[in-house]
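Visitor: I've got a new model open and a few quick questions. Can you walk me through it?
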Amino acid sequence: MNLKLSKIYFFILLLSTACTNNSVVKIANKNQGKLKASVKLEKIDEKKFELDTCTAPKPEFTELFNTMNGKIYFTFLNNYNNSIYFYDYNSLTFEKKITWKKDGQEGILGLTGYHIKSLDSIYLFDKSKTEIILSNCKNIILNKISLRGSKNDLNWFLHYPQYYPQAVKPFIQTAHEIIFSGFFPGNIPESIISDFKFTARLDFNTNKVKFSNTYPKALYGNNYNWNEEFFKEVFSDLHPDGDKLVLSFPISHDLYLVNLNTGEYTKVYGGSNFAGAISSINKQPKKTSKDEVVLHAVRNDEYSAIKYDKFRKVYYRFLLKAIPQAPINTEWKEKPVAVIIMDENFRYLGETVIGKIKNWNWQDSFVTSEGLNIEYIEKNVSEKYLTLKIFTIKKI
Amino acid sequence: MKRVFKPKVMIMQGSGVLNKKTKKNPTKFIKYVHIFALVIVALLVGSCKKNVQDTETDNLTTSLSKIQVEKQVKWIVVLPGLGCHGCIQEGEAFMKKHIQNKNIFFVLTKISSLKILQQKIGAQIEDCPNVYVDYDDLFNVHTDNSIYPCIARIEDGKVIEHEFQSPKNGAAFYNLRSLLLAQK
């Protein structure tokens with residue numbers, strides 16, 4: 001009898017141990033407090049684009065489009081009317097919009113990103129079907145290319161990435177392909193981490209898609225709980241050599257250079273002087289509520305976009321800074337946004353805090369000859385303008 | 001995954017002091033250990049967080065007490081601007097049709113764009129006294145349901161019951177429409 005009871009207690013204790021125990025990793029910043037700044041970002045200009053009655057600021061996706069005759073368009077997506085708007089970047093005037101239907105055979109229900117190769121070749125991303133749609137400025141659908149393999153594969157999400165297009169991680173055009181960074185939204189099962197590839201590469205001559213680049217096992221392996229997409233998004237930009245991608249993982253102080261031909265990774269330091277250790281969640285994924293995930297993201301530093309500035313030969317890496325003592329229910333938008341500046345060899349030059357997420361739509365950032373453009377969120381409720389603030393580097 | 005369990009630290013083994021007692025009256029001691037263990041198990045099970053429904057009711061009631069709502073209001077509809085897309089569309093369609101109904105009070109929270117919402121519902125928010133724009137995120141229920149539109153029935157400023165329009169509960173607005181029709 002006693003033996004039987006002791007087995008029951010043993011089982012209960014084992015169960016509670018198994019439920020509460022979760023391996024945690026802390027990714028330390030080896031250069032915290034050791035880096036010397038020589039430059040900072042300084043606001044030098046702003047551009048205000050007047051919006052029509054059915055357009056709001058903070059568009060889900062924006063892209064600069066350079067025409068053959070040297071004109072620069074600032075384009076953005078209006079989800080409400082499924083249109084891409086074209087503004088002259090220099091004169092700030094609205095020029096045209098292209099609208100696609102949402103319903104029917106030719107409809108695009110989940111338009112969330114695009115790349116304008118030319119006005120005859122506009123690559124649209126339909127999130128609802130995870131496919132690329134090739135269209136033109138007359139909104140005629142020319143082709144549809146699936147990014148999730150066979151239509152019959154119900155477990156496609158275990159084999160193919162999902163995408164959250166943003167201006168800071170756009171479709172990257174090379175000589176013969178369009179590169180599009182995706183991510184694995186949940187915790188990556190250990191069984192697939194070596195095989196799951198997050199970069200889609202569309203050959204625009206053949207319209208065939210291949211996938212490359214896996215998550216570094218040292219960061220995302222061992223079933224660490226990096227819950228949800230906060231820490232799983234992959235930000236990338238093309239290296240000036242043209243044969244490498246620079247990858248920025250939110251949880252790593254390093255940057256990963258991946259050779260586009262061989263898939264080989266090279267690691268370089270690309271961190272902040274102020275970022276601390278970044279920890280995985282000390283709880284099992286199923287036991288972590290959404291509020292806990294958000295709070296964890298708020299209390300940890302989180303790297304995001306990497307942008308190369310060919311005009312000044314520097315890199316900008318965005319950092320959503322930790323609020324270590326943030327009380328429960330602190331919102332993600334309260335996090336300060338910093339921009340780290342590195343030279344073309346990834347040597348640290350400095351970093352500047354521009355404000356909070358709630359005031360800066362950092363996802364809508366891109367580089368022009370004037371500087372780094374970042375969308376500023378006006379407090380004005382009329383939502384009449386889309387405002388870009390332009391930053392450039394200044395010696396301290 | 002690390003396993004830290006070691007049979008050596010099992011409750012049944014006890015400390016040296018308890019072992020003396022065991023020698024004196026082993027049956028009584030084992031009985032106490034059983035009771036103690038059951039209490040611990042009961043505490044572990046019983047110490048769970050407040051249930052989700054109660055947390056939501058409490059949060060809604062607290063939020064409601066911070067704003068001015070007319071006495072005639074019987075229903076609160078909390079419409080998030082970000083979250084379950086299809087569920088929010090249902091809410092927007094409902095709002096468009098019932099914005100003139102003074103028995104319903106609409107709360108717009110996590111607003112993505114007021115300008116676009118006004119286009120969708122075909123009304124200017126400033127002309128609608130039964131609409132509250134929740135810039136301070138007061139009406140966040142702080143559960144995983146915060147991404148869904150919420151319908152709450154209120155009496156004397158207190159939340160009596162509430163439900164969410166979600167993929168699992170796709171008829172919440174349909175049910176409210178039916179109730180409103182029946183009351184006419």
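Visitor: What share of the 396 residues in chain A is buried?
Guide: This is a predicted model. In chain A, buried residues make up 38% of the 396.

Visitor: How many helices and strands does chain A have?
Guide: Chain A has 3 helices and 26 strands. Its radius of gyration is 22 Å, close to the 21 Å from the globule rule for 396 residues, so chain A is as compact as a globular protein of that length.

Visitor: What box do the C-alpha atoms of chain A fill?
Guide: Roughly 85 × 55 × 45 Å, taken along the principal axes.

Visitor: And what share of the contacts with a separation of 6 or more comes from residues 24 or more positions apart?
Guide: In chain A, 51% of them.

Visitor: On to packing. Which residues have the most contacts inside the largest nonpolar core?
Guide: Y114(A), L124(A), L247(A) and I341(A). That core has 87 residues. As a rule, nonpolar side chains tend to be buried together in soluble globular proteins.

Visitor: Take Y114(A). What is in contact with it, leaving aside neighbours within four places in sequence?
Guide: The contacts of Y114(A) are F61(A), E63(A), L77(A), I84(A), I122(A), Y123(A), L124(A) and F125(A).

Visitor: How many bridges join strand 15 to strand 16 in chain A?
Guide: There are 4 bridges, and the two strands run antiparallel. Strand 16 covers residues 244–248. One pair to look at: S236(A) has L247(A) as its bridge partner in strand 16 of chain A. L247(A) is also one of the residues with the most contacts inside the largest core.

Visitor: What holds strands of a sheet together in general?
Guide: Backbone hydrogen bonds, in either a parallel or an antiparallel arrangement.

Visitor: Switching to the hairpin of strand 9 and strand 10 in chain A. Which residue takes a positive phi?
Guide: N139(A), with phi near 50°. The hairpin has 5 residues between its strands. Strand 9 (residues 131–135) and strand 10 (residues 141–146) run antiparallel, joined by 5 bridges. S135(A) has I141(A) as its bridge partner.

Visitor: Last topic, confidence. Where in chain B is it lowest, and where highest?
Guide: Lowest in helix 1 (residues 16–24) of chain B, at a mean of 43. Highest in strand 1 (residues 75–80) of chain B, at 95. Over residues 1–23 of chain B the pLDDT is below 50. Beyond near neighbours in sequence, that stretch has 24 contacts in the model.

Visitor: What about chain B as a whole, and the model scores?
Guide: Chain B has a mean pLDDT of 80, and 76% of its residues reach 70 or more. The model scores ipTM 0.81 and pTM 0.85.

Methods. Residues numbered from 1 in each chain as written. Chains lettered and ligands numbered in written order. Rg over C-alpha atoms; globule rule 2.2 N^0.38 Å. Buried ≥ 20, exposed ≤ 12 C-beta atoms within 10 Å, placed from the backbone. Contact = placed C-beta atoms within 7 Å. Core = buried A, V, L, I, M, F, W, Y, C linked by C-beta atoms within 7 Å. Pairing = 2+ DSSP bridges. pLDDT = per-residue confidence, 0-100.
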